[in-house]
Amino acid sequence: MMRSLGFCGVVALVLLSSSGAWADDIYILHDGYDDALAAGELLEDAGHNVWYGEIPVLDYSAYDQVWDLRLTSAVPAADVTAFQSFLAGGGRMLFAGEHGGFFTRNGSLETVIEDLGGGSFAIDGAGYINTQPFTAAGGIVNAPNALAGIRYQSASYIESAEAGFLVTETAAGSGLGSLWAWDFNDISGAPDALMLVCLDLSVFSETFSPARAEVAENFAAYLGRPVPEPTSLALLAGGALLLRRRR
């Protein structure tokens with residue numbers, strides 16, 4: 001019976017049978033930028049409980065997700081310590097980079113990702129305006145809303161990364177894009193944590209991104225995925241093996 005489900009059926013069964021629920025409590029860390037505040041409003045409209053703060057806190061354990069949407073601010077060491085504790089406890093995080101604060105913000109994120117256990121991470125400063133399609137691996141972020149890609153105003157792109165996977169590409173098949181994801185077991189010392197880096201806050205802009213509400217909810221849904229149970233992981237591995245054999 002399991003064989004007749006196919007790999008997609010196995011994945012669906014795993015997700016339905018796993019314990020946990022999507023996040024309800026999201027903390028938006030910002031520095032007053034309109035698009036960061038808009039992201040919180042979009043999440044509120046989608047039914048999430050959202051808190052806002054311009055000053056980092058020492059303990060984020062009361063929240064399901066933390067979205068660091070500061071525009072140009074570097075991430076200080078005290079923040080990294082709090083984030084590490086949050087991720088180690090199974091927390092979920094979204095970091096936003098920005099071309100306007102490339103050297104301060106994005107250069108800081110490169111160091112922060114490594115410090116958080118996400119492996120080496122490098123961001124290039126070239127900018128452009130286009131819609132970036134989802135990669136095959138990144139299709140997991142293309143839910144619950146079916147989107148062909150994400151519109152960026154003028155973003156940097158991820159030049160290289162040691163762990164996780166590319167979610168969007170500057171062009172189909174380019175291997176370069178502005179959204180990167182870490183799945184379960186991708187972050188050293190935080191096997192139950194999930195993380196996203198999005199290199200342009202304009203994805204939440206009312207004047208620029210027509211699918212901004214759908215993008216915000218897709219991000220929250222990805223980060224809110226329940227931790228797979230051991231039996232679920234075995235099903236996923238078996239389904240992937242079966243798919244490779246059929247190919």
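How many bridges pair S4 with S11, and in which sense do they pair? The legends below take that up first, using a predicted model.

**View 1. Strand S4 between its partners.**
S4 and S11 are joined by five bridges and pair in the parallel sense. One spot to look for is Met 93, whose bridge partner in S11 is Met 195. S4 also pairs with S3, again in the parallel sense, this time over four bridges. There, Trp 67 has Leu 94 of S4 as its bridge partner. If you follow the chain through S3, H3 and S4, you trace a right-handed β-α-β unit.

**View 2. Strand S4, covered on both faces.**
Five of the five residues of S4 are buried, so the strand is largely enclosed by the rest of the structure. In a regular strand, side chains alternate between the two faces of the sheet. Here, one side of S4 carries Arg 92, Leu 94 and Ala 96, while Met 93 and Phe 95 sit on the other, and all of them are buried.

**View 3. Strand S10 with S9 and S11.**
S10 covers residues 179–182 and has both faces covered: Leu 179 and Ala 181 are buried on one side, Trp 180 and Trp 182 on the other. S10 runs antiparallel to S11 (residues 194–198), and four bridges join the two. S10 pairs with S9 (residues 165–166) in the antiparallel sense too, over two bridges. Ala 181 makes a handy landmark: Phe 165 stands opposite this residue, and Leu 196 is its bridge partner in S11.

**View 4. Helix H4 and what covers it.**
How far apart should the ends of H4 be? With 14 residues at 1.5 Å a residue, the helix should span 20 Å, and its end C-alpha atoms, 19 Å apart, agree with that. Several H4 residues are buried, including Phe 102, Leu 109, Val 112 and Ile 113. Among the elements covering the buried residues of H4 are strand S3 (65–68), helix H3 (77–88), strand S5 (121–124) and S10.

Asn 106 belongs to H4, which takes in residues 102–115. Is this residue buried or exposed? Asn 106 counts as buried because its relative accessibility is 0%, and the cut-off for buried is under 20%. Setting aside neighbours within four places in sequence, Asn 106 is in contact with Gly 97, Glu 98, His 99, Gly 101, Ile 123, Ser 156 and Leu 199.

Arg 70 is buried, with a relative accessible area of 5%, and Asp 68 is buried at 0%. Asp 79 is buried as well.

Asp 183 and Arg 225 form a salt bridge, with their closest N and O atoms 3.2 Å apart. This pair ties together distant parts of the chain, 42 residues apart: Asp 183 is in the loop between S10 and S11, and Arg 225 is in the loop between helix H5 (212–223) and helix H6 (230–246). Both Asp 183 and Arg 225 are buried. Elsewhere, salt bridges with shared partners connect Asp 68, Arg 70, Asp 79 and Arg 105 into one network.

Definitions and conventions:
Residues numbered from 1 in each chain as written. Predicted model: local features only at pLDDT ≥ 70, side-chain atom pairs only at ≥ 80, totals over all residues. Heavy atoms only, no water. Buried < 20%, exposed > 50% of the residue type's maximum accessible area, 1.4 Å probe, protein only. Pairing = 2+ DSSP bridges. Contact = heavy atoms within 4.5 Å. Expected span 1.5 Å × (residues − 1). Salt bridge = Lys/Arg side-chain N within 4 Å of Asp/Glu carboxyl O. Right-handed = clockwise from strand over helix to strand, strands pointing away.
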